[in-house]
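Good morning, and thank you for coming.

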Amino acid sequence: LLFALKICENGKCGRKDHCLAPVIAIFLLVGISTLFVVSVLWTTKKGAPWEPTKMKMVRLMLEMAEVGPEDVVYDLGSGDGRIPIVAAREFGARAIGIEIDPVRCYISCLAAKVLGVKDRVEFRREDLFKVDLKGATVVTCYLLQDTNDRLYTKFRDELAPGTRVVSNTHTFQLISPVQVK
């Protein structure tokens with residue numbers, strides 16, 4: 001964009017395609033911004049807006065759950081995929097990220113491939129209220145309080161005894177925590 005604006009600064013760039021570059025860049029910027037706003041509003045309605053979990057908190061959550069190579073970690077609302085990727089890379093677990101936003105799901109898949117954990121991490125573009133959690137040994141989430149409260153019945157019906165659930169910031173009203181940090 002800066003290169004294109006510099007070329008066209010005096011209005012005599014000599015090439016019409018260079019003078020279109022700023023217009024194309026503006027349309028792309030508006031399109032990406034619109035996609036971002038729609039994504040935030042849509043994911044908020046479906047469970048929670050995307051707010052990345054700090055890496056220090058990611059590790060703390062996985063340590064609290066005592067994640068190991070025998071675990072299958074489900075991350076509800078996985079966003080950019082950092083929790084499943086760290087679970088696989090640093091803790092040796094298999095991990096499944098559940099994310100309804102197709103753009104973030106795609107970015108997560110790319111990140112897993114680039115970081116070399118594609119064989120241990122899977123990302124599914126699904127609604128967290130509809131996904132089957134029966135295979136999970138650990139569930140992580142960073143959702144809104146009302147979303148956590150709506151998950152209680154799902155957890156009760158689908159999670160096996162001994163499944164560890166770790167939530168960042170918000171609690172589950174009907175479940176007493178074993179540990180709080």
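Predicted model: local features only at pLDDT ≥ 70, side-chain atom pairs only at ≥ 80, totals over all residues.

Does glutamate 66 count as buried or exposed? At 63% relative accessibility, glutamate 66 counts as exposed; here buried means under 20% relative accessible area, exposed over 50%, and partly exposed in between, with a 1.4 Å probe and protein chains only. Glutamate 66 is placed in the loop between helix 3 and strand 1. Its phi is near 55°, a positive value in a residue other than glycine. Most residues other than glycine have a negative phi.

Residues are numbered from 1 along each chain as its sequence is written, and side-chain values use heavy atoms, with hydrogens and water left out.

Let me turn to the overall architecture. The protein has six helices and five strands, taken as DSSP runs numbered from the N terminus (helices H or I, at least four residues; strands E, at least two). Along the sequence, the pattern reads α-α-α-β-α-β-α-β-β-α-β. Of the 181 residues, 38% count as buried.

Now to the interior. A nonpolar core is a set of buried Ala, Val, Leu, Ile, Met, Phe, Trp, Tyr and Cys residues joined through side-chain atoms within 4.5 Å. The largest such core has 21 residues, and Leu62, Val67, Val73 and Val121 have the most contacts inside it. Two or more residues of this core come from each of helix 3 (55–64), helix 4 (82–91), helix 5 (102–114) and strand 3 (121–124). Helix 4 gives the largest share, six residues. Leaving aside neighbours within four places in sequence, valine 121 is in contact (heavy atoms within 4.5 Å) with Pro84, Ile85, Ala88, Ala95 and Ala112. A second, separate core of 16 residues includes Leu76, Ile96, Leu151 and Phe155.

Finally, I come to helix 6. Among its buried residues are Leu151 and Phe155, and their cover includes strand 1 (72–76), strand 4 (138–141) and strand 5 (164–167). Helix 6 bends by about 35° at leucine 151, the bend being the angle between axes fitted to the seven residues ending there and the seven starting there.
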